[in-house]
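I opened this model to look up its strands, cores and ring contacts. My notes follow.

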Amino acid sequence: MAEGEAVKVAVRVRPFNGREINMNAKVCMRMEGATTYISDLDGGDEEKFFTFDYSYWSYDGFEDIDGYLTPSNDQYADQKKVFDDVGVGIRDNSWNGFNCSLFAYGQTGSGKSYSIIGYGPNKGVVPLYCEDLFIKMAELQKVNPDNEYQVAFSMLEIYNESVFDLLAGKQRKALKIRQSKQRGFFVQGLKKTPVGSYIEIEERMAEGTANRTVASTKMNATSSRAHTVVELTLIQKIKQDGANMTKTSVVNLVDLAGSERAGSTGATGATLKQGAAINKSLSALGNVIAALAKESEGGRTKVVIPFRDSSLTMILKNALGGNSKTVMIAALSPASVNYEETLSTLRFADRAKQIKTKATVNESPTDKLIRELKEENDKLKQMLEGGVIDKSMVKDDDEEDISDEEVQARLQALMDESNAEKASMEQEWKDKLEEAQKAIEALKEEQSRKQEMMKTIPHITNLNGDEQLCGMIVYFFEDGKENKVGTKDSDPPNDIVLSGLEIESSHCLITHSAAKLLMVVADEARVYVNGEYVSGKLELMHGDRLLLGANNLFTVVNPAEREAAEKAGIEYFKFTYHDAMSEIQNLGSGDDAQKGEELLQEDIAVLGPMIGEVNAMSCAMNKKVKFDIVIMPEEGKRRKKAMVSMFSYLTSCSYLLSREDFISRKYKMEEMYQQFVEGDESWESVPASEDPFVEDENKETTIGTVSISLKSLGYLFEQEQMLTITNYQGAAKGELRVEYYPVKEDGSIITEEDDIFVDDPDTLVGQPLRFSLKIPYARGIPKRFENVFCRYRFFLDTDTTSTGQVTGQNPEFGFSQTHSCTPVTDQFIDYLEKTSLVIEVVGTQIPTPMKAGDERTTKQLMASNFSLNQTQLALMDPEKQIIMGELQSTQRRAKKQQNKLIKVQELLDAANDNESETISVADLQKILESNADSMGICVAVFKMKVSKAREEGNLFKTTAKAVKTNEDVKEVADQTKSKACTIL
């Protein structure tokens, strides 16, 4: 067993948000002590449970007292409870000289920010820790005035594997991650700013967030997310036993970007990497955590930890596998509609709790530290000037050999960092703090001036998918001034300079005149107002949503109009980023939609802006590829899912991408596009296998699908249908013959000759059910497909079942497969009643090259067959095929009921013919429970009973189990007839 202290893991459940309330979501979680339970209320899977150091229930059981959410029962965990359990440990450890790390993980909207930062009086772990830190510093300073306490702040983000200093102002430049044996991994040139209070930390965080917002637009990252790392360095310079001692603690506060919503299948849900492949950093982090967990189990085999696989894992090496006391808070949604995302987060946290770290106190005599830094500098200087190079200073033992050039670069970086540290230690702390505070004062003055202007001057302010980044960018429109909007390369220069996809050099002109904002849109410029594509001249009103290009989204603020509306009692709806994007996609609010439709609309709202961006990138780089959102039936569920089609003009081949695959590609596309923008020609030499705009021509692709209802199986009826194969555009791509038959244990088909009839599928519960599914052939498959086969996933199967591959327009599959459910469960009956079996027809495409001499650009090709200004949604609707199948089943059931009615009538006629006033309830029950042949036998037996009774002279005797012929039997017959009509 590896030595060390396990990472502490806490999970926290938040209340429902507005979206979940509107969707009528149910609570799918509960907590008992440190154990968290989660149930799939829709899928019916067994309840799963996970045990952590802390399980915090913050869903309900609170009341608002002066803005603070106060517990009203013993289960509710408020902010103080979380800080007492988690924050106090970080505080104490940092004062004792240990490095500490706090991770926040969870999908967007899961409540990470509330636990870490909080709002209003509900302060999170970070502000409570910082406040406590400076209070204790002041107390210690009073007791020992000669001691010195220093706090330095830095803030960085990792986006597409590049590391950026968020306090570097407008000079946004990717920083290098370097390494030394003593320091481990470090970011070369990262700015560390002295701070003297939590207010100054807040100011610096606001500065970093503002810089991140501006950069996100330039980097085309509106729909992407980055990891953010805030680093607080606490240095204590104290006298101890007559010597000057320095104790240092580095506290890392890490906001991990949550993985995108994962797929709905159990197969993807069962792995740690579920949903984490959206970027390299999260995927690499999952691999590191898995390796560290395996290492903690012990064993003789050495486990290689892949810290070098991403920027994030290199920076977090100490936090995860080294000198640090580490805590993770995982934020959870309790809503049933977020089951997949929440389960993914729980599994991620469960793996993280197995990691062990080994923290040590960072304490040394001050003079010794300075001396060691000087000696290190001298040694590095000698090496760089031609001395003997000691590679071990900049290379791990398990790292592969590195080039001399890389050694030189690492040595130089190490010397620069060492010089900076030495100079920092020698400089008076008061001087450094005063310089930093002057800069903060200048920022505060600028922010105050901007706030005053926003009260009176019309302006636009940004909307962003990350709520923390909303309102960070503001452009003012002075009265009487024309404001030219466009890129930085315009001549004459623009007043408002924007960057990003599809921003023209002269994009539009906005003028403030007589308290009105007038906009003139340039030719071919892409501009949307309130979800509508606009051109020419128009007036902008207060509250309008303005999209310039593909990803510059703003809301219009006109203080004069706002004030007039307030006086008139008019209240404006506050639009969010997702509201505005849904408006552009023409989705509507979806308040009355069912859960599946809500999730579908949400996916479209997320994917829509991304589709616009990647198509714009494809045009800019002339990649000859077009993307669209398409709607497909979801396996095992009677609802639809959003996917992305990828069409290559070069080969006329089209491919379907899952939501996760597309988002993962988009990250790579953004990286390639950034190289293109910066003039880095390396993007042109990317091999096809690594190009996100290229798909393997031999990749299997979906020709189309068919959907068949399985409801007939609940009544033990067979089904035989010739189904139309439709692609994602709703176009017919041939026909597929599908048959299924209920079978006996020996494999023989159940027919009407068998004495088996099911009036209610629920009566099958507890019994075995078997059926044979056959796919004999397909007809009319397009010529451009070969190696055609069919595949499907039945009920709870984790793997798909496939036919053999056949080439030709009329493939003969000859496929037959027996499936069974032994015994039948309520979940299986629900599956038969509410879902349909989706069968994919799959093949490989035969490429058709573009015609020789066709020199049209990507933009021209797109314009020739669809509007770039509006995302196209193609719809495949399987409902018609499902309804036809269900109609056949209903007709069969009605025929059965009609047969019963006929036999009851024969029984009634036989009784009347023989002047009998009674018939046995048992005889009538046999008819109602039997098949057609048995019904005839029942009537014949009844006639024999009547004849025998006449011979014995007791024909008119009645019993307790008899009913009157002219009344009760007629009523039973009428009920049976009514039931048959209802089914019909």
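I started with an open sheet of three strands, ordered β3-β4-β5 with antiparallel pairing. Strands pair if DSSP finds at least two bridges between them; strands (E, at least two residues) and helices (H or I, at least four) are DSSP runs, numbered from the N terminus. The edge strands, each pairing on one side only, are β3 (29-32) and β5 (48-51). From one strand to the next I read an average twist of 20 degrees.

The model is predicted: local features need pLDDT of at least 70 and side-chain atom pairs pLDDT 80 or more, while totals for chains, interfaces and linings use all residues. Residues are numbered from 1 along each chain as its sequence is written, and side-chain values use heavy atoms, with hydrogens and water left out.

Next I looked up the β3 pairing. Four bridges join β3 to β4 (residues 35-38), and the two run antiparallel. M31 has T36 in β4 as its bridge partner. Helix α10 (residues 339-352) packs on this sheet and touches β3, β4 and β5; contact means heavy atoms within 4.5 Å. The direction of α10 makes about 35 degrees with that of β5; axes are lines fitted to C-alpha atoms, for helices over the stretch in contact, and angles run from 0 to 180 degrees between N-to-C directions.

Then I turned to the cores. A nonpolar core is a set of buried Ala, Val, Leu, Ile, Met, Phe, Trp, Tyr and Cys residues joined through side-chain atoms within 4.5 Å. Buried means under 20% relative accessible area, exposed over 50%, and partly exposed in between (1.4 Å probe, protein chains only). The largest core has 52 residues, and F103 and L320 are among those with the most contacts inside it. Leaving out residues up to four places away in sequence, I found F103 touching V254, L256 and L316, among others. Apart from that core lies another of 39 residues, including V82 and F134.

I noted 26 aromatic pairs; rings of Phe, Tyr and Trp (its six-membered ring) pair if their centres lie within 6.5 Å, with planes under 30 degrees apart stacked, over 60 edge-to-face and the rest tilted. F50 and F52 are stacked, at 6.4 Å centre to centre and 15 degrees between the planes. F50 is buried at 10%, and F52 is buried at 5%. K353 lies over the face of F52, 5.4 Å from the ring centre; the criterion is NZ of Lys or CZ of Arg within 6 Å of the ring centre and within 35 degrees of the ring normal.
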